[in-house]
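Have a look at the structure, then read on.

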Amino acid sequence: MQHLCLALLFRMPGAETFDDPLLDAMCDRLKKVLYAKGTYIVREGDPIDEMLFIVRGKLETISTHGGFFTTNFLNGGDFFGEELLPRSLEAQSSSLHPISTRTVRAITEVEAFALLAHDLKSLLSYHVHVWNPPCIKQLVQSLRFCSEKWSTWAACFIQAAWWRFLKRKRNVAIREAEDRLREAVGTLTTPAAANYASRFAINMLRVLSRNGGSQAGLPQRSWSPLPPKPTDLQLTL
């Protein structure tokens, strides 16, 4: 039983920084739970009060967080409720229970181990004082990597950077088109033809600029502005 619990705990982000006494204490606090098929374990918008480590069975997760519909499946060896880790380690926290950004439902009979929020908080608060700075830094980096807030911000940052690149590329293409049209107009011999070609070129460039990248096959920006950059957690040292 101890080996099974340790194997499940090591799936947590930052578990490699936990010392043996902390891991043993977590194993002692794990409670075996069973869920029938169709049971809703947590719903989006509800507080999370436990971390769940799945031993056997299959869960479905559904989220509409951030305006995006996403679905995923959890199987034996997976876990959820990782939002409790940073909340349990924060020095200033308005609530011990973070709000779930997804609905979790058992689609088969599920056997799992649960670690309650107040047990996790008490264990981490006691053991974090003996961690050295490199372990703390590694833990913060692991939690940042698995944080939904950081993942959302990173995705928005990449989208914004890609849109700026496309916009610069489009502007360069417009300037090059202007230069080519000016050169073509300059080769015309009669003033009337040159005047007609010049007005035609101006109108075409105006249409191209007004339509943005749609005429050039470039996507338009359709997402929200870049959200504020998340802050790293402040440990209860």
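Strands here are DSSP runs of E at least two residues long, helices are runs of H or I of at least four residues, and both are numbered from the N terminus. Two strands count as paired if DSSP finds at least two bridges between them.

Some ground rules: this is a predicted model, where local features need pLDDT of at least 70, side-chain atom pairs count only at pLDDT 80 or more, and totals for chains, interfaces and linings use all residues. Residues are numbered from 1 along each chain as its sequence is written, and side-chain values use heavy atoms, with hydrogens and water left out.

**The sheet**
- Phe 53 has Phe 79 in β6 as its bridge partner.
- β3 also runs antiparallel to β8, with 6 bridges joining the two.
- On that side, Arg 56 has Glu 111 in β8 as its bridge partner.
- Put together, 4 strands make an open, antiparallel sheet in the order β1-β8-β3-β6.
- β1 (31-35) and β6 (79-80) are the edge strands, each pairing on one side only.
- β3 is mostly covered, with 5 of its 7 residues buried (buried means under 20% relative accessible area, exposed over 50%, partly exposed in between, using a 1.4 Å probe and protein chains only).

**The helix on top**
- Helix α1 (residues 2-9) lies across β3 and β8 (110-116), at about 120° to β3 (axes are lines fitted to C-alpha atoms, for helices over the stretch in contact, and angles run from 0 to 180 degrees between N-to-C directions).
- Cys 5, Leu 8 and Leu 9 are the buried residues of α1.
- Viewed down the axis of α1, these buried residues fall within an arc of 100°, so they line one face of the helix (the arc is that of the directions from the helix axis to the C-beta atoms).
- Their cover includes α2 (20-29), β3 and β8, where contact means heavy atoms within 4.5 Å.

**Charges over rings**
- Arg 43 has its charged end over the ring of Tyr 40, 3.9 Å from the ring's centre (this takes NZ of Lys or CZ of Arg within 6 Å of the ring centre and within 35 degrees of the ring normal).
- The charged end of Lys 58 sits over the ring of Phe 73, 4.8 Å from its centre.
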